[in-house]
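Today I am opening my notebook to look up salt bridges. Come along and follow the pairs with me.

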Amino acid sequence: FFFRDRSIMSEAKPRVLLMGARRAGKSSIQKVVFHKMSPHETLFLDSTNKLVKNDIANSSFVEFEVWDFPGHVDTASSAVKPEQTYGGCSAVIWVIDAQDDHAEALARLHATIAAAYALNPTIVFEVFVHKVDSFSDDQRIEAQREIQQHLMEELAAARLQHAKVNFHLTSIYDHSVFEAFSKVVQALIPQLPTLEMLLDTLVTSCRIEKAFLFDTISKIYIATDSSPVDIQSYELCADMIDVVIDVSGVYGLKGESDEDAVAAISTPAANSNCVITLNNGTALFLREVNRSLALVCLLKDSVLQQQGLLEYNCAAFRNSLFGLFHTSPPTVT
């Protein structure tokens, strides 16, 4: 997942590989995050029997590919054409069913890391400990600890301790899978430090509690300020995007073409902005950056009294963002 500079658009798109055992939930994750499928609808998905390549292009500079591998394929063998598959790969997401015996899945993951790391030491391996929605908090922590400890011991014994491996607890029935994919995305964005600096400046200038830069189509955040992420704050901001999209679908179509009307079903209307006041003295503030990116902030009610300062700094952030990627911001009509 990558912000694409228009001056290098001819380069191959970044590639994320989605791997794991059969029925681990790989295709379900992709359908829920990128295709807006209801989690309950994924119960009727057929098992993936062949490699499926999905092109995700939500805007002119947010483009990447997801390769969904069938669970029965040996991803450490020559059957996957390792040089081609891993040589140009940015990240491997390995999905483990936390409700199932994971000894075989860990053995296959170990073999895959060994094969991929030998060809491309820069690959980041993201382990999704999946289907933890029925677990208690203690059970989730224990499941991740057991899997992480076992894998890291095996990698150390094989002298692969320098491979970059991250672990995430996920479920398609809550926001955890979106947050995990957000972490995957952020690790692949070269401009991330500059994005975080811009958001830190915005937060400091306007006394904002927390700021996220969202991809509105998938609801994953591609950058946030440097303060720790509170999952409840993220959930509030993600839910706000749903509200704005729903309202835009009803009231944001005037004067738009049929193509724009279809796009409005999954994105906010052009130049959208919204404020939602909560009953605990805080507010949610959304400002559209472009058709598929939105700045969503959590702030105190008192900050809204300085609306001019907030608007000025948000406009400055927006212009700096487009300057960073050598594009022009959409014009206001």
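**Entry 1.** I started with lysine 219, which is buried at a relative accessible area of 12%. I kept in mind that this is a predicted model. The partner I found for lysine 219 is aspartate 242, and their closest N and O atoms are 2.8 Å apart in a salt bridge. Lysine 219 sits in the loop between β7 (208-215) and β8 (220-224) while aspartate 242 belongs to helix α7 (residues 231-251), so this pair ties together parts 23 residues apart in sequence. I noted aspartate 242 as partly exposed, with 26% relative accessibility.

**Entry 2.** How many salt bridges does a search of the whole structure find? I wrote down six.

**Entry 3.** Next I looked up arginine 287, which forms a salt bridge with glutamate 311, with 2.5 Å between the closest N and O atoms. This pair links distant parts of the chain, 24 residues apart: strand β10 (residues 282-290) holds arginine 287, and helix α9 (residues 307-324) holds glutamate 311. Is arginine 287 buried or exposed? I found arginine 287 buried, at 13% relative accessible area, whereas glutamate 311 is partly exposed at 27%.

**Entry 4.** My last pair was lysine 183 and glutamate 179, whose side chains meet in a salt bridge at 3.9 Å, N to O. Glutamate 179 has a relative accessible area of 16%, so I list it as buried, the cut-off being under 20%. Lysine 183 is partly exposed at 35%.

Definitions and conventions. Residues numbered from 1 in each chain as written. Predicted model: local features only at pLDDT ≥ 70, side-chain atom pairs only at ≥ 80, totals over all residues. Heavy atoms only, no water. Salt bridge = Lys/Arg side-chain N within 4 Å of Asp/Glu carboxyl O. Buried < 20%, exposed > 50% of the residue type's maximum accessible area, 1.4 Å probe, protein only. Helix = DSSP H or I, 4+ residues; strand = E, 2+ residues; numbered from the N terminus.
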